[in-house]
Amino acid sequence: MELLGRLRDGDEGAFVTLVDRYHQPMLRLARSMVSSQAVAEEAVQDTWLGVVRGIERFEGRSSFKTWLFHILVNRVRSAATHEQRTAAVESLHAVDPDRFDAQGQWADPLEHWSQSDDRLEAAAWAPILKAALEELPSRQRTVVVLRDIDGLSSEEVCGVLDISAGNQRILLHRARSSLREILDVALRKAE
Amino acid sequence: MLLLHPKDIACRQAVELITDYLEGTLSRRDRRRLEFHLRGCPNCSAYLEQIRTTIRVSGSIQADDLTSEARQELVDIYRRWKSE
Ligand SMILES: [Zn+2]
């Protein structure tokens, strides 16, 4: 909060500190919504300008990050009404229904990942997951980026995106399910 | 009376409850039923474990560092705004 006080006082150093902290996550959020890097970058720059102009209006009822992301989401949405990203995968099931028998029990169970613990090193898997994110429908990608990468709470995500708690959970569920599936396929290919 | 049996929930349903379970939004009854199912079902437990790993891998993704050009560009925008 002290940082925001300095920003209100017109301290450039405070602005740079905030830029270093939030600019790249903002760009990632914008890119999760639109495919054009140029549109995303412009929306983020626009947001920064909106922030320095409107910092007086920040009331501290939400976290600064939530406020910032909410402004950004609105800018991206208005800049990109014709620019929605299309999805490569759109799954309505957590798991491919063919893996279950008629009674709904596993017919084709998952192979454990645990034997290959070393290959599950998060760092090694990050590039595969990044590529997997690109295959998700935009709304799912945005939710999972905010929740699992940026670490926002479900309430914060609902506030940033103006969506209901139930909708947030459905999008998160589909996103995580698809990411798991893609990681699973990638792991078996690597074997 | 409620007879709990691992097959009380089909695996196909159990996997659809995992996010609500992790979010803590299942009713107490559904949470008990799911936990009971998971204890008796290694396949659904493996599924839950993979979802947890997926979340962990997501959490490990770092944002690329801001380039000094991009930072400078923003500082310029800030200075232009201040001098308005
Ligand atoms: Zn099961």
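This is a predicted model: local features need pLDDT of at least 70, side-chain atom pairs count only at pLDDT 80 or more; totals for chains, interfaces and linings use all residues.
**Exercise 1. Asp162(A)**

*Solution.* 
Step 1: Now place the residue in the fold. Asp162(A) sits in the loop between helix H7 (154-161) and H8 of chain A.
Step 2: Turn to the backbone. Most residues other than glycine have a negative phi.

**Exercise 2. The make-up of chain A**

Find how many helices and strands chain A has, and what share of its residues is buried.

*Solution.* 
Step 1: Count the elements: chain A has eight helices and zero strands. Read from the N terminus, the order is α-α-α-α-α-α-α-α.
Step 2: Look at burial. Of the 191 residues in chain A, 50% are buried.
Step 3: Take the contacts in chain A with a separation of 6 or more; residues 24 or more positions apart account for 67% of them.

**Exercise 3. Two partners of helix H6(A)**

Classify how H6(A) is oriented relative to H8(A) and relative to H2(A), and describe each contact.

*Solution.* 
Step 1: Begin with H8. The axes of helix H6 (residues 138-149) and helix H8 (residues 165-190) of chain A come within 8 Å and cross at roughly 90 degrees. Angles of 65 to 115 degrees count as roughly perpendicular, and H6(A) and H8(A) are therefore roughly perpendicular to each other.
Step 2: List who takes part. On the H6(A) side the contact involves Arg139(A), Gln140(A), Val143(A), Val144(A), Arg147(A) and Asp148(A). The residues of H8(A) in this contact include Leu171(A), Leu172(A), Ala175(A) and Leu179(A). Sorted by class, the contact of H6(A) with H8(A) has six nonpolar, four polar and five charged residues.
Step 3: Move on to H2. The axes of helix H2 (residues 12-33) of chain A and H6(A) also come within 8 Å, and here the crossing angle is roughly 160 degrees. The threshold for roughly antiparallel is over 145 degrees, which makes H2(A) roughly antiparallel to H6(A).
Step 4: From H2(A), the contact uses Arg28(A), Leu29(A), Ser32(A) and Met33(A). From H6(A) come Ser138(A), Arg141(A), Thr142(A), Val145(A), Leu146(A) and Ile149(A). The contact of H2(A) with H6(A) has five nonpolar, three polar and two charged residues.

**Exercise 4. The zinc site**

Identify which atoms coordinate the zinc ion and which geometry they form.

*Solution.* 
Step 1: Collect the donors. They are SG of Cys11(B), NE2 of His37(B), SG of Cys41(B) and SG of Cys44(B), at 2.1 to 2.4 Å.
Step 2: Write the sequence spacing of these donor residues: C-x25-H-x3-C-x2-C.
Step 3: Check the angles. The four donor atoms subtend 104 to 115 degrees around the zinc ion. Four donors count as tetrahedral if all angles lie between 85 and 135 degrees, so the arrangement is tetrahedral.

**Exercise 5. Ser58(B) and its contacts**

Determine which residues Ser58(B) is in contact with, leaving aside its neighbours within four places in sequence.

*Solution.* 
Step 1: Locate Ser58(B): helix H4 (residues 42-59) of chain B holds it.
Step 2: Its relative accessible area is 1%, so Ser58(B) is buried.
Step 3: With those neighbours left aside, Ser58(B) is in contact with Leu129(A), Asp148(A), Ile149(A) and Leu179(A).
Step 4: Asp148(A) takes part in the contact of H6(A) with H8(A), as does Leu179(A), while Ile149(A) belongs to the contact of H2(A) with H6(A).
Step 5: Ser58(B) and Cys11(B) are 47 residues apart in sequence and 25 Å apart in space, C-alpha to C-alpha.

**Exercise 6. Sequence and space**

*Solution.* 
Step 1: Asp9(A) lies in the loop between helix H1 (2-8) and H2 of chain A, and is exposed at 69% relative accessible area.
Step 2: Ala79(A) belongs to helix H4 (residues 64-79) of chain A and is exposed, with 51% relative accessible area.

Note on methods
Residues are numbered from 1 along each chain as its sequence is written. Chains are lettered from A and ligands numbered from 1 in the order in which they are written. Side-chain values use heavy atoms; hydrogens and water are left out. Axes are lines fitted to C-alpha atoms, for helices over the stretch in contact, and angles run from 0 to 180 degrees between N-to-C directions. Helices (H or I, at least four residues) and strands (E, at least two) are DSSP runs, numbered from the N terminus. Angles under 35 degrees count as roughly parallel, over 145 as roughly antiparallel, 65 to 115 as roughly perpendicular and the rest as oblique. Contact means heavy atoms within 4.5 Å. Ala, Val, Leu, Ile, Met, Phe, Trp, Tyr, Cys and Pro count as nonpolar, Asp, Glu, Lys and Arg as charged, and the others, Gly among them, as polar. Donors are N, O and S atoms within 2.8 Å of the metal (3.2 Å for Na, K and Ca); water is not among the atoms, so sites may look incomplete. Four donors count as tetrahedral if all angles lie between 85 and 135 degrees; four count as square planar and six as octahedral if opposite donors are over 155 degrees apart and all others between 65 and 115; anything else is irregular. Buried means under 20% relative accessible area, exposed over 50%, partly exposed in between (1.4 Å probe, protein chains only).
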